[in-house]
Amino acid sequence: MQSRRPFSADDLDRPIRTVLPQLSRGAAALAKLGVTTPRDALWYLPFRYDDFSDLRPIAQLVPDEKQSARVRVDAVRVEPGFGRRPQRVIAQLSDESGSAEAVWFGRRFVERRLDTGDEIVVSGKVTHRGWRPQFTSPEFSPVGRESIHTGRVVPVYHLAAGVTQRRLRELLARVLEVALPVVVDPLEAGERAELPDLADALQTAHFPEEAGDVTAALDRLAFDELLALQLTLAQARAARDDLRAPALAIDETERREIVTALPFALTDDQEAAVEAVAADLAGERPMRRLLQGDVGSGKTAVAAVALASAVRAGWQAALMAPTEILARQHHAGLLPLLEGLGVRAEFLSGSLSPARKREIHDAIAGGAAEIIIGTHAVISEAVTFPRLALAIVDEQHRFGVGQRAALQAKGTAGEPHLLALTATPIPRTLALTVYGDLSISTIRQLPPGRTPVRTEIRDRGAMPRIEAFLASEAAEGRQAFVVVPLVAESDALQVASAEAEFERLGAALPGVRIGLVHGQQKADRRDATMTAFAAGQLDVLVATTVIEVGIDVPNASVIVIEDAERFGLAQLHQLRGRVGRGAHRSFCILVSDAPDELARRRLEVVRGSTDGFAIAEADLELRGAGNLLGTRQSGLPPLRVASLFEPRHLRLAERARELADGLVADDPRLGDRAELARLQTDFAATETEGDAA
Ligand code: ADP
Ligand code: MG
């Protein structure tokens, strides 16, 4: 046998295929999960654990719990499949205390691994059939051979096609065995205080000795992730101290003139936000302000005043929105105001003809175009602003950090001021922790004259009546959204269900004009449908969550959300904000068949409140620890390990912030802390993945 050089720390970041050739087939399986290096494998953490450490005699097995038993195999038989019933493998088991049965469905290979007379440990959930305990599809392994699958706390991972839980566990165990000894802890002992050493934490996170050990291990990993984030924020703060922005001082009279040109009087909250922005703009340090306000609270008006102010002060300003339709809506909506003020505002998106694009690029470069409203096209390389002083990002959580940075980088005459708009309320402490030193303005009150949307919870059985309601609203000239169920982790499935619902409604509602939008359509096709809907050429729009971003159709009076329990509360609230924007009485119908107690309570929160902040807080409370579902929609950075809904992790985040401040103050580049810098790149990579979605 060829002797291999020992595994080194550098090998952690080389392909598994190369540095662990003995796992070459396993490497292909791991690659399906996006795991290509040993380091990836270390951080491919379980999403939950099965605690099979409860080892009992058969007679003492209790129903409906996960347990293990050490048993003898008395007989194994295969029952052929029959009609819709799958083939089953059944084993008769016994120990001194009694006998039991184990059943596997359609898993013929189980039979090959089991023989009469074998002594095994079985682990799984037990049900009782008559007097006899039955394990359903349990894990098992021979007695005496130490197992990572049975008789202990067992990790459960997200899988991909063709990779079983068992196989993955074995592969990860083998990688860990070789890789963990060379892992260098990026933290010094004093820095990590009571948290475990990194290698120990990783070992325990995958294969805990005891269920009780998991928390400390995951806390440690969460801390590393939070530290990576805080280091990046601290560096940004440090860099910002050296930046100078154009000071955009415009006098009070001039600002009044702009505000008066708006077609309505500002609410007090809008007014306060306008003042805060004006004060920031007048300063030499670049503004970094987050404007948060519920859907429909009128953030655009605040943005408009800022845009016009920048131009009045002699500079250019840009507004970037995440979708073409939204960008067009902003442009069309702001044009009368801006033109009235004598300001030239151009629209820019990738869908314009090349000739038109060139025209706009020239107008921007020559300074004739004073305000640019558009999509990502605004940050394309071809665009150069001679005098960009203000960058506004709408629905900011839809953009990656990189995209925001690219917009800021367009400032050639100093660092532009940045205003980020978001409809996702973020509790203040959380925002400070995850966004560093953003200042925050909040619009809490809705503009006057809105009738609150009436929200109802219905089960699926009510669909025919709901459809009849859609038809009658359409007959009255109103419009409706139908949002199809969120399918976790699979766009393709959600698209399929959107298409099916579109067909079904088409058949159920003859004469009603129905459109369909989903994320896998070409952007121009989707935009065309949205535009037709906005123009009143469609009555019902069947949609996936792509409509979540702020499209404004005041004539829409109904939104039906199917399988509502699958959505985050903030998301339901945002979706509901699509209606009730005009003078008509509006309805939000949450359709849900599932609701268990918790789901029911969550939906009741949305029904009972129209205050986005109250809803966000309730959601935080109800979801409790560890449940990150919906983070992506929440506007928070996508975190792999840490949970910002977990108070313990919030405290860790604060600690990480202090540590990061100190480290960056010593050396902004972290020159002699290479492992810390590497932590940043590792976690930054996840963030861009999340952003891309
Ligand atoms: P969002 O905060 O969701 O972006 P918008 O800025 O799109 O909200 O505003 C929603 C609607 O409310 C728009 O039609 C806008 O014209 C209107 N609006 C905004 N502010 C006021 C106000 N102070 N009074 C009356 N209507 C307003
Ligand atoms: Mg908006």
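Student: Where does ligand 1 sit?
Tutor: On a 1 Å grid over the protein atoms alone, a pocket is an open set of points with protein on both sides within 12 Å along at least five of seven lines, and a molecule sits in it if more than half of its atoms lie within 2 Å of its grid points. This is a predicted model, in which local features need pLDDT of at least 70, side-chain atom pairs count only at pLDDT 80 or more, and totals for chains, interfaces and linings use all residues. Side-chain values use heavy atoms, without hydrogens and water.

Student: Which residues come nearest to ligand 1?
Tutor: Of 16 residues around ligand 1 (a heavy atom within 4 Å), the nearest are Q270, G296, K299, T300 and R450.

Student: How do the residues of the shell divide into nonpolar, polar and charged?
Tutor: The shell has five nonpolar, six polar and five charged residues; Gly counts as polar.

Student: What lies 2.5 Å from an oxygen atom of ligand 1?
Tutor: A backbone N or O atom of G296 does. A polar side-chain atom of K299 is 2.8 Å from an oxygen atom of ligand 1, and a side-chain N or O atom of Q270 is 2.8 Å from a nitrogen atom of the ligand.

Student: Changing topic, how many cavities of 30 Å³ or more are there?
Tutor: The whole structure has four, a cavity being a set of grid points where a 1.4 Å probe fits but cannot get out.

Student: Which residues lie nearest the centre of the second largest cavity?
Tutor: They are R39, W43, V183, L198 and E675, out of 14 lining residues (an atom within 4 Å of a point).

Definitions and conventions. Residues numbered from 1 in each chain as written. Chains lettered and ligands numbered in written order. Polar contact = N/O pair within 3.5 Å; in protein donor to acceptor, adjacent residues only side chain to side chain. Points joined across faces, edges and corners; volume = space filled by probe spheres on them.
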